[in-house]
Amino acid sequence: MRTLYQFPISHYCEKTRWHLDHKGLDFQVDNLFPGLHRLKSKRLANIVTLPILKDGEQVIGDSTQIALYLEQRYPQRPLLPTDVAQRAEVLELEEQFDRLGVHVRRWLYGQIKQWDSVMHAMLKVYRPLLGIRDLMKPVLINGVQRLYGVTPPRVAKSQAELLEGLALIESRIHGDPSRYLVGEQLTLADISAAALFAPLFTPAGTPWEGIAGHDAKTQAFLDELHAHPAGQWVMRRYAEDRQRRN
Ligand SMILES: N[C@@H](CCC(=O)N[C@@H](CS)C(=O)NCC(=O)O)C(=O)O
């Protein structure tokens, strides 16, 4: 059985879940506790981030590496075009959206005024062993802010970056949410862009669905993004292309 080591609310882990689901591959998830996960991730793949996939004897860390591994090992329902030029475009966009995922994350953490629903979404899968899970909340809030560089100037820069990312989607689809980023079919580029921007739009059935409590200004900004073609495109990719098994 394949095992995906993950955090449920990580958008990079969502990207890998989507790849696995798209290919119809069964897997179990092992939800590692944030912070403590590093003991295992270092041992497994010598990295500090999740996702990590264990497939038989193979262990692959990093969502992009996992995507490339899956494409090679399981060619069914390919997510890379055969055309050389299109393939290069997809790989380039995949990397670009991967970098933008960092800005989506930092910007969102920078908007949170009430952490209750975020902590709930982050920790609900872990057992509340002797109250330790809840005791960890302030440590985690602090850790997330430090680890992801959530400071006002960096959050402001991330806002500019994420707007550029949405503009990139919009230009690739020529303002038409029914189109794909490259060619006529879903590719790795679409999954990267849709999964990594999804926390802004909280599509139904995703781990971000119940997260609430933005102030009025942030909510108005998010509503505006949601109405734009790029926001509509993310929602459409989820509605039409996200076959969920896990
Ligand atoms: N480039 C990596 C990024 C993964 C990543 O940033 N994962 C975050 C969760 S969203 C993580 O594991 N953070 C924990 C840490 O850095 O200790 C990938 O694509 O897998």
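Me: Which helices each supply at least two residues of the shell around the ligand?
Reply: This is a predicted model, where local features need pLDDT of at least 70, side-chain atom pairs count only at pLDDT 80 or more, and totals for chains, interfaces and linings use all residues. Residues are numbered from 1 along each chain as its sequence is written, and side-chain values use heavy atoms, with hydrogens and water left out. Counting helices as DSSP runs (H or I, at least four residues) numbered from the N terminus, the two suppliers are helix 2 (37-45) and helix 4 (84-111).

Me: How many residues surround the ligand, and how do they divide into nonpolar, polar and charged?
Reply: A residue counts if one of its heavy atoms lies within 4 Å. That gives 15 residues, with Arg38, Leu50, Ser63, Arg105 and Tyr148 the closest. The shell divides into seven nonpolar, four polar and four charged.

Me: Which side chain has a polar atom 2.5 Å from an oxygen atom of the ligand?
Reply: Arginine 105 puts a polar side-chain atom 2.9 Å from a ligand oxygen. Tyrosine 148 has a side-chain N or O atom 2.8 Å from a ligand nitrogen. The 2.5 Å distance belongs to serine 63.

Me: How much of the ligand's area does the protein bury?
Reply: Areas here are Shrake-Rupley with a 1.4 Å probe. Taken alone, the ligand exposes 510 Å². The protein's share of burial is 88%.

Me: Which residue takes a positive phi in the hairpin of strand 3 and strand 4?
Reply: Strand 3 (residues 52-55) and strand 4 (residues 58-61) run antiparallel, joined by four bridges. Aspartate 55 has glutamine 58 as its bridge partner. The hairpin has two residues between the strands, and the one with phi near 65° is glycine 56.

Terms used:
Pairing = 2+ DSSP bridges. Polar contact = N/O pair within 3.5 Å; in protein donor to acceptor, adjacent residues only side chain to side chain. Nonpolar A, V, L, I, M, F, W, Y, C, P; charged D, E, K, R; others polar.
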